[in-house]
Amino acid sequence: MREKAPSFFEGISFQLAKIGIILAFVLSFVMSSVQVYIDFKAQSQELEQLIDRVVEVATPPAARAVHTLDDDLASEVVNGLLTYNFINEVAILDERGNVLADVSRAQPANSTHWLSRIVAGGDFTYSSKLKVPGYVQDASGQIVFTVDKSQALSSFYQRSEINLVMGVLRNLLLVILLFVAFYFKLTKPLVRLSYEINEIDPDQPGVRRLTQLKSHRRDELGTVISSSNQLLDVVELSLAKRRAVELALRKSEEHLRQIVDSLPVLIGARNIEGYYLFANKALADTLGFTPEQMHNVHVRQLLKNSVLDVESILTNDLRVIKEGEEIDVIEESFIGADGTQLYLQTHMMPLDYYDEVVSLVVSVDVTERKNAQAKMEYMAHHDALTSLPNRLHLVERLEHEVKRAERHGYFGAVLFIDLDKFKNINDSLGHPVGDRVLQEVSRRLQGAVRDEDLVARLSGDEFVVVLTVLDQDVEVAALKAGEISEKIRALISLPFIHEDMELRVTCSVGVVVYPDKNNVVHELLRYADTAMYQVKEKGRDAIEFFNEEMADKVSRQLVMEGDLHRALEDEQFSLFYQPKVDVNSGKIVGAEALLRWHHPEKGNVSPLEFIPVLETSGLILQVGQWVVEEACRALENWSERGLWSAGMQLSINISPRQFRRERFAADVIRTLDRYRLPKGVLDMEITEGVVIQQVDEAIDTITTLTERGVSFSLDDFGTGYSSISYLKRLPVATLKIDKSFVRDIIVDRNDRVLVETIVTMGRLLDLELVAEGVEQAEQLEILRSYGCHSYQGFYFSPAVEGDKFIELLLSNRAKDR
Ligand SMILES: Nc1nc2c(ncn2[C@@H]2O[C@@H]3COP(=O)(O)O[C@H]4[C@@H](O)[C@H](n5cnc6c(=O)[nH]c(N)nc65)O[C@@H]4COP(=O)(O)O[C@H]3[C@H]2O)c(=O)[nH]1
């Protein structure tokens, strides 16, 4: 703010003049007083001398007049004395005191009487003794006169008055001159200086300089002005520096703010009272404010709709600020301004913020992660198509239910439900319809049981229902389980309406009551599964309770599983080879390697018995790899011995589990790399079921191995989906016609039509066609007439061991010669 110019009376000139006037008057008064005093003294002395002289002059005639009693003379003397204007009364008295002569005058009006009374004691009466010379007598009379002091000192008063007046005038003049001199010499330049100082822009003090005054260049004022200009330069410089620093600071603050605002984390700072001092954009946005609006607002007000427990936040703030603790809040439930539920992971730490310690709160939004986790958790435990609990969920829940039943002494049941011939729906109406049927089945199953029961989907068309808490009596529980199973069977077999079409699907139900001797969940499921298979074997659409006989079967399977574990180590496996023969020439064009297991006690076990056990136990992976190795070794041997001519192929069976294994192609290639085999000698037989689930992945695996010279055959063709659309996509070279069609080809017209269709379709797609299970010449003849390329079967040879196969190869070679 600019200073107001001082008023005239506040001005330095007036102040100085005032001081001058006071000093001048004081000094003048003192000096004049001294002078007046000296003058007064001199005047008084002069008066006394005059009076003495008057007395001296008047005394002789007065004495003579007294002596001679001469009145005239006395009158002359007194009148003579009265001529002195300061003498008012004169009298001459004789020795007796008689007045010889007297005279008086009226005292003139005089304004100085009062002063004379003060300084000289007023009028004064003199008396002098009159002595006549030669007389013995001391005195013969006296002369008395009164002196008017005021009159006597009148010249003194006049002088003093003139002196005083002159003094005052001189002083006044001096003061005026001083005032003028001060004004022009000091006040005016100062006023101008102050004006210029006022004009200085505080933001740019160096722009306007103070004007140096010519007449003051060398005096103090000049020094003040040049020093001030230097000061302005210095201030300007330091201001510029400060501005530069401030700018840099502002920029860095701005950058920091931008960084903090662009971070995907919520950052805020609260003081000990719970007021927000700072909030970044993410936090403000989440709460529906701007960062500025949040400033100085209390946490209770800001978070009242967002967090359930604001008090615990304040308690944490207190711990952070007072005790300097760092706190991690692993998961905080938070409602955003738009009402969305968020989950935050928060870290709180103390922060020196200006002149206080505050609680810096950094929160990461973990909602997506949490939702993804929940989703993954859900997906891990639920089936995607029906949203029913999956096998994992079922196993966990069943374990819990079995323990609960054991503890509380009641019985429950596991129902293993498999839809009958569901594959037909898929094949004939397509997978979308199949999926809808599965969804409807799952709905019906859920509707058939209580909420506390569990419905799960295991895979494909397999469902499991756990009926919890049936009864404390095992027989009643079994009865109830049977009733519910019947209800389920009836519900499932109700028609499904699809596009004005009535679909019907039945189911086979295997039931096991728990708890039992064996309460391991996997065993319970296996028992129910076994019972369900029993239904299938008996002709489907029924209910079967797991019984002793089945238990035996299961235990036999378990024993076999143990035996199979040892079989690989003890080299109980071997490969048999069944020749593949050209339909027209009757020559061996290849072979199928078939696995044989020679049990040390039981002798040869059928692959139909042990391969499913290898599958379920997972042992098929090791055994399958052994088959690949063994086939390669045999092929290398035969090739080296010249038994394996160009174009011949050895087929090996690949199980679904083996084929779907991620490392399958890589493992096969690594094995092939270890043997010296002619190109294209190895063929792999896979079933349609292997590829139908994951066609794209299957195509990838087949393509990878085809590029390495391995060809593929589709085994058991005709028993499964046999869809031309996916067959066109599959890079397989051969179709194998299942022996079940060949078996009755002579007697069953349907089978003949089917085989003919398969052959025609295969030829259209440029595929090799191999018929399996040819036992009779007639069968062969029909196949030849359809245009089938080659065949396998007891007609030519069953699968034989390696040595025997070599003999067959040798005789085959002999045919060539
Ligand atoms: N009735 C009759 N049957 C004939 C005739 N010619 C051959 N067979 C039999 O038919 C089956 C053909 O094999 P598959 O369909 O692949 O069926 C095979 C195949 O799916 C599986 N298997 C055999 N070896 C292996 C293997 O190394 N790995 C895998 N994963 N599965 C194998 O076991 C199944 C049964 O094998 P096998 O018992 O050896 O039974 C063989 C064979 O002995 C005939 O003229 N009449």
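Mentor: A cavity, on a 1 Å grid over the protein atoms alone, is a set of points where a 1.4 Å probe fits but cannot get out, and a lining residue has an atom within 4 Å of such a point. Keep in mind that this is a predicted model, in which local features need pLDDT of at least 70 and side-chain atom pairs count only at pLDDT 80 or more, while totals for chains, interfaces and linings use all residues. Residues are numbered from 1 along each chain as its sequence is written, and side-chain values use heavy atoms, with hydrogens and water left out.

With that in place, the lining of the largest cavity consists of Leu621, Gln625, Gln658, Arg661, Phe664, Asp667 and Val668. Two helices, α19 (620–640) and α21 (664–673), are the elements that contribute two or more residues to this lining, and α21 provides the largest share, three residues; helices here are DSSP runs (H or I, at least four residues) and strands are E runs of at least two, numbered from the N terminus. By class, the lining comprises three nonpolar, two polar and two charged residues, where Ala, Val, Leu, Ile, Met, Phe, Trp, Tyr, Cys and Pro count as nonpolar, Asp, Glu, Lys and Arg as charged, and the others, Gly among them, as polar. The space inside is about 60 Å³, a volume being the space filled by probe spheres set on grid points that are joined across faces, edges and corners.

Asp667 belongs to helix α21, and Asp667 counts as buried because its relative accessibility is 12%, buried meaning under 20% relative accessible area, exposed over 50% and partly exposed in between (1.4 Å probe, protein chains only).

For context, the search of the whole structure finds two cavities of 30 Å³ or more. The second largest cavity, with a volume of about 30 Å³, is lined by Pro189, Arg192, Leu193, Glu196, Thr211, Leu213 and Ile225. Helix α5 (residues 154–199) gives the largest share of that lining, four residues, and the lining of the second largest cavity divides into four nonpolar, one polar and two charged residues.

Definitions and conventions:
On a 1 Å grid over the protein atoms alone, a cavity is a set of points where a 1.4 Å probe fits but cannot get out, and a pocket is an open set with protein on both sides within 12 Å along at least five of seven lines; lining residues have an atom within 4 Å of a point.
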